[in-house]
Amino acid sequence: MSAQFDNTAGPLTTESGAPVSNNNQSEAAGAGGPLLIQDQVLLEKLAHFNRERIPERVVHARGSGAYGTFTVTADVTKYTKAKFLSQVGKETETFLRFSTVADSLGGADARRDPRGWALKFYTEEGNYDLVGNNTPVFFIRDAIKFPDFIHTQKRDPYTGSQEADNVWDFWGLSPESTHQVTWLFGDRGIPASYRHMNGYGSHTFQWVNEAGEQFWVKYHFKTDQGIKNLTQDEANKLAGEDPDSHQRDLREAIERGDYPTWTVQVQIMPAAEAATYRFNPFDLTKVWPHADYPPIEIGKLELNRNPENIFAEVEQSIFSPAHFVPGIGPSPDKMLQGRLFAYGDAHRYRVGINADHLPVNRPHATEARNGNRDGQGYDGRHGGQKNYEPNSFGGPNETGQALWAPLQLNGQTGEWETPKHAQDDDFVQAGDLYRLMSEDEQSRLIANLAGFIAKVSRDDIAERAIANFAKADEQFGKRLATAVSELRR
Ligand code: HEM
């Protein structure tokens with residue numbers, strides 16, 4: 001996106017284009033007198049300034065964005081009919097917004113927190129958004145718990161601070177979080193930069209090929225820069241010295257032509273295997289172990305262009321898990337299903353009903369054609385064309401082709417728990433992750449967890465949290481209990 005006009009020459013003007021005579025002294029009633037309401041330059045300037053901010057994202061408020069290119073490196077046409085994936089060598093423009101989750105806009109980048117990974121593919125069949133994290137799993141498995149979870153990560157209504165009590169109370173009472181929390185307090189919990197971490201689609205998605213065959217798929221973006229992390233002490237120091245450390249790192253790397261890249265992989269499960277797989281494949285607290293479904297390399301992602309205007313292109317960018325293209329669709333994952341609603345709703349509140357028309361958000365390789373019109377910020381792009389369908393004036397027509405394949409369903413409606421498969425419980429994969437770690441990694445994990453759990457004000461909150469880790473691995477629980485009690489003595 002380049003500047004629309006030259007703001008470097010000519011007279012300073014008001015918004016309506018009238019020349020401004022004095023931008024340093026307001027118009028006053030006499031040399032020492034009060035200001036006049038007829039000073040429209042002053043009034044317009046103050047009023048505009050008051051409206052510079054839009055609501056920050058309720059989560060993932062701090063972020064950094066960059067444009068890039070996705071290139072297909074393997075033939076996946078037997079799995080999906082998506083056109084942007086249809087040919088080896090095919091390139092698609094992308095925009096990626098990284099973020100932290102819990103901090104407000106004014107926070108710091110070097111925090112122990114998941115990193116958001118919101119990737120927009122500007123495909124010829126519309127924009128495809130993959131709104132994931134740098135972690136393959138999540139804390140909870142049902143969308144209805146998300147606002148409660150986030151409230152515990154944000155500031156307490158009374159103290160105005162993030163409270164260890166709230167965080168550990170919720171996690172202790174939500175044992176399905178044990179896997180993600182083990183991940184978060186391990187070495188990868190504080191990436192050194194956005195360039196030195198992986199990205200994941202996290203959820204399971206549906207791919208469907210030309211013949212209508214369905215597959216379940218998980219996306220992995222493996223950093224080619226190598227994984228680099230910060231220890232808690234390094235992060236504490238950096239957050240104080242350079243709160244924008246991730247933003248600076250990304251911008252500077254792209255400015256010097258050191259374009260970060262990721263190798264894109266997918267795990268693919270034939271649809272018929274889902275019902276009997278040892279883990280529920282639609283449970284976001286679980287991974288599919290690579291031994292079960294080996295990742296297949298399908299592409300390369302490169303970031304190679306910085307945005308020119310952070311507010312226009314990063315703050316106003318919008319991503320939605322509901323932005324699919326033909327050949328890709330949702331799975332019944334209850335988190336994903338909730339997110340299909342939440343993001344469009346957030347965009348309409350945060351950026352407005354015409355957010356999709358902004359240059360960073362609109363399709364770049366096709367046009368949006370429909371009867372939606374007007375609303376705040378509408379730019380009149382449709383001129384006098386008809387705004388209804390069907391019409392006999394050459395308007396756009398529905399295709400009759402569903403984007404994704406239908407699911408076979410049965411059973412009764414109800415507030416069901418996520419069905420458990422043969423090896424599902426809340427702790428098995430957390431235990432596996434702990435046992436995969438070296439002795440040093442385990443020790444750092446325990447120190448990180450203990451340092452935070454020790455801050456809670458009530459023993460029962462600490463004990464319940466520790467009990468979850470003990471259920472994942474007995475030794476993990478014992479070591480953690482000892483470390484916490486030493487800190488609380
Ligand atoms: C039901 C659960 C969830 C709900 C209701 C939810 C809701 C939201 C909302 C309202 C926003 C702000 C959107 C905006 O203002 O533009 C957001 C941002 C985001 N969420 Fe979620 N979220 C959920 C779970 C997740 C999960 C599981 C992931 C990752 C696996 C995730 C990744 C992100 C990312 C990356 C962003 C930032 C997008 C951007 O850069 O603009 N969220 N979420």
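Predicted model: local features only at pLDDT ≥ 70, side-chain atom pairs only at ≥ 80, totals over all residues.
Colleague: What makes the radius of gyration agree with a compact globule?

Modeller: The rule is 2.2 Å times the number of residues to the power 0.38. For 489 residues a compact globule would come near 23 Å. The protein has 25 Å, which agrees. Its C-alpha trace spans about 80 × 65 × 50 Å along the principal axes.

Colleague: What share of the contacts with a separation of 6 or more joins residues 24 or more positions apart?

Modeller: Such residues account for 75% of those contacts.

Colleague: Which residues does the "active site" annotation cover?

Modeller: In the unreviewed UniProt entry, the annotation covers His60 and Asn133.

Colleague: Why is His60 called buried?

Modeller: The cut-off for buried is 20 or more other C-beta atoms within 10 Å. His60 has 22, so His60 counts as buried. His60 is found in the loop between α1 (40-50) and β1 (63-72). Leaving aside neighbours within four places in sequence, His60 is in contact with Ser99, Val101 and Gly116.

Colleague: And Asn133, buried or exposed?

Modeller: Asn133 has 23 other C-beta atoms within 10 Å, so Asn133 is buried. Its place is in strand β4. Beyond neighbours within four places in sequence, its contacts include Gly116, Trp117 and Ser202.

Colleague: Which residues come nearest to the ligand?

Modeller: Of the 28 residues around the ligand, His60, Gly116, Ala118, Ala143 and Ser202 come nearest. By class, the shell has 14 nonpolar, 10 polar and four charged residues.

Colleague: Which element gives the most to that shell?

Modeller: Helix α8 does, with eight residues. Strands β2 (91-100), β3 (115-123) and β4 (126-133) each supply at least two.

Colleague: What makes Tyr343 partly exposed?

Modeller: Exposed needs 12 or fewer C-beta neighbours, and buried needs 20 or more. Tyr343 has 18 within 10 Å, so Tyr343 is partly exposed. Tyr343 lies in helix α8 (residues 334-350). The unreviewed UniProt entry covers Tyr343 with "binding site". Setting aside neighbours within four places in sequence, Tyr343 is in contact with Val131, Phe319, Ser320, Pro321 and Ala322.

Colleague: How do you know that Ser443 is partly exposed?

Modeller: Ser443 has 13 C-beta neighbours inside 10 Å, so Ser443 counts as partly exposed. Ser443 is found in helix α10 (residues 439-453). Ser443 and Phe476 are 33 residues apart in sequence and 9.6 Å apart in space, C-alpha to C-alpha.

Colleague: Which residues touch the most other members of the largest nonpolar core?

Modeller: Of its 46 residues, Leu96, Trp207, Val217 and Ile328 do. Apart from that core lies another, of 37 residues, among them Val167, Trp168, Val456 and Ile461. Nonpolar side chains tend to be buried together in soluble globular proteins.

Colleague: What share of the 489 residues is buried?

Modeller: Buried residues make up 37%.

Definitions and conventions. Residues numbered from 1 in each chain as written. UniProt positions renumbered as here; feature names shortened; annotations may be inferred. Helix = DSSP H or I, 4+ residues; strand = E, 2+ residues; numbered from the N terminus. Contact = placed C-beta atoms within 7 Å. Core = buried A, V, L, I, M, F, W, Y, C linked by C-beta atoms within 7 Å. Near = placed C-beta within 6 Å. Nonpolar A, V, L, I, M, F, W, Y, C, P; charged D, E, K, R; others polar.
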